[in-house]
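Visitor: Please take a close look at a single part of this model, and then relate it to the other parts that can be described in detail.

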Amino acid sequence: MIERCFILSFREKKTRRVVALTEKMVVEGGAGDGEWEGRWNHIQKFLERPGPFTHPDFEASSESLQFMLETCKVLIIGAGGLGCELLKDVALSGFHNIHVVDMDTIDLSNLNRQFLFRLKDVGQPKAEVAADFINTRIPGCCVVPHFKKIQDFDETFYRQFHIIVCGLDSVIARRWMNGMLLSLLVYEDGVVDPSSIIPLIDGGTEGFKGNARVILPGITACIDCTLELYPPQINFPMCTIASMPRLPEHCVEYVRMLLWPKDKPFGDTVGLDGDDPEHIKWVYQRSLERAAEFSITGVTYRLTQGVVKRIIPAVASTNAVIAAACATEVFKIASSAYAPLNNYMVFNDVDGLYTYTFEAERKDNCSACSQVPLDMRFSSSSTLQEVLDYLTESSYLQMKSPAITASVEGKNKTLYLQTVASIEQRTRPNLSKTLKELGLADGQELAVADVTTPQTMLFRLSFTS
Ligand SMILES: [Zn+2]
């Protein structure tokens, strides 16, 4: 069992801390407040006796519960649809030391499913309101909120946690978190030190579909190993949109992509704004006409807005299922009583209910976790633009706004950077230059920074003839 070394190491780490803590508590005279007789009966049944599904190395004891209540520190990323569910599930499972990070404030449209928020909370930071709610409702639980971006914290912050759970709706943020945990790994002679591993439990939902996965960074498949599973935004083939529409969405896309730029209904310079009701109304009317032409039904104002703004409706029950699966994994890993999910669970109740698990495989040359220098093969007459396109379009890399630097004649040179306007302007002419003209050589290292990872990635450029 590949993760066994990790589980044993986690348990050992845990036992040491619990022993130290027990000694301290004897001196201080007992456990904290908020406890009552039988409060953790339901949890104790799993931890204090073996069962048919317990881990082969399981040893029944009361230490696991103590570890969960007193020591184990869980970080929950996101306090939205998944985050609210996660906070509730993890807190009620006996974890008392929880941190939550979320950069958003509460919107009225959140209230139907983000059940820790009330009307009076609209406009307030999600993390703070969610933490207050849990702390008030669940005695002894201490949720520490952070109204910030994950990128605002460095490795010393992340290193303090035993387990990290992601309830995010952004692939970029997930990849960044994945990269951060990979950067914390300590390697000795090419072998990862299991005590440096912080498990990442990742939940994701989209409408009626969801997934939960367990990532042991450096051991099991990471987010970037399976990047192809996140397809680029759903786009319909242009030929379908232009000549053979079958779905109401095709009609809206036709108006959005072809009619709007041609008719310019609100003037030459006005782009389509999904938040402007006049714009949506125009697109809706034209879409209806298009639909009538092809006898397609189902074009509504709501659908039009959904297609234009690319809204995927959030479904409360999907969030509940996925969060429960993630919280169960937190419990299994923290207690070491059960083998964690290996390693990817898919849930789909679009049509009936379908769920299965599979083992996502690590990719030998994963750009994030493989420890293998990455090769980039280009002709010396290729332009920097071609390199940039490769970084953003390759399904394995899917970068967003890569900044490329190289050491040329002993000097560090920024070849292209788009996130700072003045540097973008200065480096833009480089895009049309060839690699040779830029002074790059065969075997040259290129450093690439991107929002998808906290670390700079090194590529070795080899020239094809
Ligand atoms: Zn990987």
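Guide: Thr-240 lies in helix H8, which spans residues 238-243; helices (H or I, at least four residues) and strands (E, at least two) are DSSP runs, numbered from the N terminus. The model is a predicted one, in which local features need pLDDT of at least 70 and side-chain atom pairs count only at pLDDT 80 or more, while totals for chains, interfaces and linings use all residues. Residues are numbered from 1 along each chain as its sequence is written, and side-chain values use heavy atoms, with hydrogens and water left out.

With a relative accessible area of 5%, Thr-240 is buried, a term that denotes under 20% relative accessible area (1.4 Å probe, protein chains only). Residues up to four places away in sequence aside, Thr-240 touches Pro-245, Arg-246 and His-250; contact here means heavy atoms within 4.5 Å.

H9 contributes Cys-251, Val-252, Tyr-254, Val-255, Leu-259, Trp-260 and Asp-263 to the contact, and H10 contributes His-279, Trp-282, Val-283, Arg-286, Ser-287, Arg-290 and Ala-291.

The axes of H4 (residues 81-92) and H12 (residues 316-335) come within 8 Å and cross at roughly 45 degrees, which makes H4 oblique to H12. This crossing, too, is right-handed. Among the residues in contact are Gly-81, Leu-82 and Glu-85 of H4 and Ala-316, Asn-319 and Ala-320 of H12.

Helix H3 (residues 63-71) is largely enclosed by the rest of the structure, because seven of its nine residues are buried. One of them is Leu-69, at 12% relative accessibility. The C-alpha atoms of Leu-69 and Phe-95, 26 residues apart along the chain, are separated by 5.2 Å. Beyond its neighbours within four places, Leu-69 is in contact with Glu-35, Trp-40, Gly-94, His-96 and Asn-97.

The zinc ion is coordinated by the SG atoms of Cys-222, Cys-225, Cys-366 and Cys-369, at 2.2 to 2.3 Å. Donors are N, O and S atoms within 2.8 Å of the metal (3.2 Å for Na, K and Ca), and water is not among the atoms, so sites may look incomplete. The donor residues are spaced C-x2-C-x140-C-x2-C in sequence. The arrangement is tetrahedral because the four donor atoms subtend angles of 99 to 118 degrees; the term requires all angles to lie between 85 and 135 degrees. Ideal tetrahedral angles are 109.5 degrees. Cys-222 is buried at 0% relative accessible area, and Cys-225 is buried at 4%.

As for the whole, the protein has 14 helices and 15 strands, and 48% of its 465 residues count as buried.

Conventions. Buried < 20%, exposed > 50% of the residue type's maximum accessible area, 1.4 Å probe, protein only. Tetrahedral: all angles 85-135°; square planar, octahedral: opposite > 155°, others 65-115°. Axes fitted to C-alpha atoms, helices over the stretch in contact; angles between N-to-C directions. Parallel < 35°, antiparallel > 145°, perpendicular 65-115°, else oblique. Left-handed = near helix turned anticlockwise from the far one by under 90°.
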